[in-house]
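Student: Could you take me through this model step by step, giving the general idea of each feature before the case at hand?

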Amino acid sequence: MKEILMMRGAKNIVEKCASINPRGKALIVTDLELVSSAQILAQVAYANGAEVSICIMTPREVDGQEPPETIAAAMQKAEVILTPVSKSLAHAKATEEATAGGARVLSLTALTEELMASDAWEANFEKERPTVEKVAQLFTQAKEVKITSPAGTNLKVSADGRKGNAHSCLVDRPGQFSAAPNIEANFAPVEGTAEGTFVADGSIPYLGIGLLSTPVTFIIEKGKVVKIEGEKEAKKIRDIWVEQHDPNVYNIAQVAVGLNPKIKAVIGTLGCNYDEGAFGTVHIGIGTSSTLGGTVRAPTHFDAVMNKPTMELDGKVLLKDGELLLQ
Amino acid sequence: MKEILMMKGARKLVEECAAVKEEEKVVIVTDFNLINIAKVVASAVHERKAEVVIVSMAPRKTHNEELPPVVAAAMKKADVIFVPTTYSIAHTKARTDATDAGARVINMPDYREDLLMSPALVEVNLKAREPLIKKIAEMLTEAKEAYVTSPLGTDIKLGLEGRKGAALTGLIHEPGQFGSPPDLEARITPVEGTAEGTIVVDGSITAVGLLSEPITVTVRNGFAQEIRGGEQARRFADILAKANDPNVYNIAELGIGQNPQAQLNGIMTEDEGALGTIHIAVGTSGAFGGKIRTSVHLDMIIKGTTVKLDSKTSIKDGKVVVS
């Protein structure tokens, strides 16, 4: 009976976030873990009169892994794609190629029944859009970005020449990409420029980790993680990296600010798209950056969230202890 | 819990009919009506360690309506495609594009859960049937004329000259092959305009179901001209009239059932294969070597026939009798 509780979220996703109109042609890409969420989305789209097709695959092993070639081919022909999947397709080549071909993509990683029933979808995405676009524009203009936090983060990256991305959870133009419900503005730092320490004390909503009981510290030199410190979470990440055996997995790929006012804090149980949207948090993406304007493609991309960040763009404060300071 | 009972049939389709190999790219194209069947077939594919993707769409409104472009795109990249859908996709461009690209296609139109449990699928020995089906297909290729009679009064001649017989063996192992197990048959498309005589249908008819009383179809110059009988005959005539196209009356196929486990039950994928029956179809023939294209293809199943080829060999009860 949970379907009933999921209905409002589904309606917001289909009608507001993805702008699927009655004559629209929607493709839902899902895996065997999240078929029930895919089904509710299809139900809303179909009832609205849209043509809806669903591709179901076996769950991928890691975030960022490619979908089967047959699904990639379907995505190439789609007008609008929703991806309720258990492992993120946001940074997959299939997604990059679909958006390059003009498809609108709404990334719905870890869209469980609970997430679809959550309040995060009640955000007024249209109303928040100017704020997200403003922050993205500030990233576009910025040359150097500095992030600090009470937990010990002290990181500098170059944003010089990089374009800020506004992910307002709305995809209404061809080729547009956004994840949802994580309203966020982000950019891919210039490769090789990140220097310092990043302490994740919120969550790492990937790799089966979730809410952090003890912080994970990333020591970063020349744009790459050179050391990771912490308890079992740090060990887990280290082990996965060693197994992936690819220098690009250490790349600092993304700096982002969460901007969904309906998400008050990271909670670790509702997946990456919930935590990454938590208002006033900052997350760092590690791995693939080519989907965000960078040049690196890695076998994975995951994000780590920190609380109460202070962020300066060329010396001007954008965030102060998690509070957004926009003129 | 029916999935448990359906698994044997699903395995038969995956392992024997399609011979799915490890790592092959398999797409199951289905619609929201038949997702349960897709699920069980997907289980059998996954069990086989192949890559399985289910692509589901809203049911089409008629047979052979084109599929959404996203579905067609996925099909083009597949090694093997299973298609449990409400309406047949046999004559869609998506299907011909996929087989042209080398996909093996198992068409499962209007498949029922019961069919996955049916002895017609689960128990039939495909390898053992293959040589005879191929032999009859060859005989059909060589024949200039078929003469079909039955005790109830079927008496019809069909011109076959220059037409090629086809063997539907249920074994879809070569790239580009297409079939609908458990429908095992040898078939041919008669030359347009040549069919002449009377058909007394006493088995079943597509979209009408099992017949409670025989239907008599009079055929002149290759087209059905008159349909007589009871209430079911009227329904059959109505379906054809509604298509509003004279080509739906075209005599499109002669098929000879070759599945000894198949029983007539109104599900055409099983009925058409029933050993001891033959079927004559009206409607489209374009995809089977004929020249007529129209929206329907309806099979009429007839019991107890003798099919004489060029007044020489006969096929009686599905077996070859040399006179």
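Tutor: Let us begin with contacts: two residues are in contact if their C-beta atoms, placed from the backbone, lie within 7 Å. This is a predicted model, in which local features need pLDDT of at least 70 and side-chain atom pairs count only at pLDDT 80 or more, while totals for chains, interfaces and linings use all residues. Residues are numbered from 1 along each chain as its sequence is written, and chains are lettered from A in the order in which they are written.

Student: How many residues of domain 1 of chain A are in contact with domain 2 of chain A?

Tutor: Domain bounds come from an automatic or database domain assignment, which for chain A gives domain 1 (2-117) and domain 2 (131-170 + 177-324). Between them, 20 residues of domain 1 of chain A are in contact with 20 residues of domain 2 of chain A, and the C-alpha centres of the two domains lie 24 Å apart.

Student: Which elements of chain B give two or more residues to the side that touches chain A?

Tutor: Helices (H or I, at least four residues) and strands (E, at least two) are DSSP runs, numbered from the N terminus. In this structure, 20 residues of chain B are in contact with 20 residues of chain A, and the elements in question are strand E1 (25-31), strand E2 (51-57) and helix H3 (69-76) of chain B. E2(B) gives the most, with seven residues.

Student: In which sense do strand E2 of chain A and E2(B) pair?

Tutor: Two strands pair if DSSP finds at least two bridges between them; strand E2 (residues 51-57) of chain A and E2(B) pair in the antiparallel sense over five bridges, and Ile56(A) stands opposite Ile54(B).

Student: Which residues have the most contacts inside the largest nonpolar core?

Tutor: A residue is buried if 20 or more other C-beta atoms lie within 10 Å of its own, exposed if 12 or fewer, and partly exposed in between; a nonpolar core is a set of buried Ala, Val, Leu, Ile, Met, Phe, Trp, Tyr and Cys residues joined through C-beta atoms within 7 Å. The largest such core has 172 residues, and those with the most contacts inside it are Ala74(A), Val41(B) and Ala74(B). Helix H2 (residues 35-47) of chain B provides the largest share, seven residues. Leaving aside neighbours within four places in sequence, Ala74(A) is in contact with residues including Leu27(A), Val55(B) and Ala74(B).
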